[in-house]
Amino acid sequence: MATSSNYWEDLRKQARQLENELDLKLVSFSKLCTSYSGSSKDQNKRDSRSDSLGSSQDNMLVAMTTELEQLLAKLTAVNDKMAEYTNTPGASSHNAALMHTLQRHRDILQDYTHEFHKTKSNFSSLREREDLLGSVHRDIESYKSSSGVNNRRTELFLKEHEHLRNSDSLIDNAISIAMATKENITFQRGMLKSIQTRVTTLANRFPAINSLIQKIDLRKRRDSLILGVVIGVCTVLLLLYTFH
């Protein structure tokens with residue numbers, strides 16, 4: 001019985017020792033993950049020394065992860081041995097107290113396992129995000145460096161586009177002026193026809209002024225011809241100025 005009791009106490013001692021080690025290691029592991037995430041935010045500003053520091057942190061994280069997994073495996077094995085002991089015939093008289101102690105150690109193991117996996121998962125997610133952001137930043141820098149060669153060409157294209165837009169605007173204005181001039185001439189033409197009709201009627205009544213009406217009609221045709229030539233020349237000059 002004494003031997004069995006000593007065996008149980010040895011198992012409890014091993015469990016407490018492993019639990020204490022796990023508690024300290026988990027705190028250090030959490031701090032290391034936090035410091036790593038803080039330094040990764042400035043990864044775009046690192047020099048060769050900071051890159052070496054990041055590599056050292058990676059090695060420490062790998063080593064600490066392996067050590068924590070080993071400690072958890074050892075504590076799991078100790079808990080299994082304690083569970084086996086509670087089922088031995090010699091421990092039946094103290095079974096309730098032993099089961100209570102075993103359950104407490106199992107709860108501690110479960111808490112440590114959960115905390116380890118949670119910290120590890122959070123760190124992995126953070127590292128993936130930082131790697132993605134770093135990749136995007138590198139792509140942007142690469143694009144900027146490659147697009148610098150094409151800046152001059154892009155600037156020329158933009159200037160040419162602006163020139164075409166200005167030309168379109170000038171053409172629209174010229175068309176608007178021409179349409180307004182056409183409407184005005186049409187209106188004046190209608191008025192002149194009305195006046196001519198009245199004058200013709202008067203001329204038929206008074207043959208003496210027929211010759212005067214003919215002279216006025218010839219002058220009107222000459223003025224119309226001159227006005228048409230002037231408008232045509234101005235339109236051609238405006239188009240030549242616009243496209244040059």
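**Cysteines and an aromatic cluster**

Modeller: C33 has a relative accessible area of 7% and therefore counts as buried (under 20%; exposed is over 50% and partly exposed in between, with a 1.4 Å probe and protein chains only). The model is predicted, so local features need pLDDT of at least 70 and side-chain atom pairs pLDDT 80 or more, while totals for chains, interfaces and linings use all residues. Residues are numbered from 1 along each chain as its sequence is written, and side-chain values use heavy atoms, without hydrogens and water.

C234 is partly exposed, at 47% relative accessibility. Across the whole structure, the search finds 0 disulfides (pairs of cysteine sulfur atoms within 2.5 Å).

The aromatic rings come next. There are 3 aromatic pairs (ring centres of Phe, Tyr or Trp, the last by its six-membered ring, within 6.5 Å; planes under 30 degrees apart are stacked, over 60 edge-to-face, the rest tilted). One of them joins Y7 and Y85 in a tilted arrangement, with 6.0 Å from centre to centre and 55° between the planes. Because Y7 belongs to helix α1 (residues 2–40) and Y85 to helix α2 (residues 48–86), this pair ties together parts that are 78 residues apart in sequence; helices here are DSSP runs of H or I with at least four residues, numbered from the N terminus. Y7 is partly exposed at 38% relative accessibility, whereas Y85 is buried at 7%. Together with W8, Y7 and Y85 make up one aromatic cluster.

Definitions and conventions. Helices (H or I, at least four residues) and strands (E, at least two) are DSSP runs, numbered from the N terminus.
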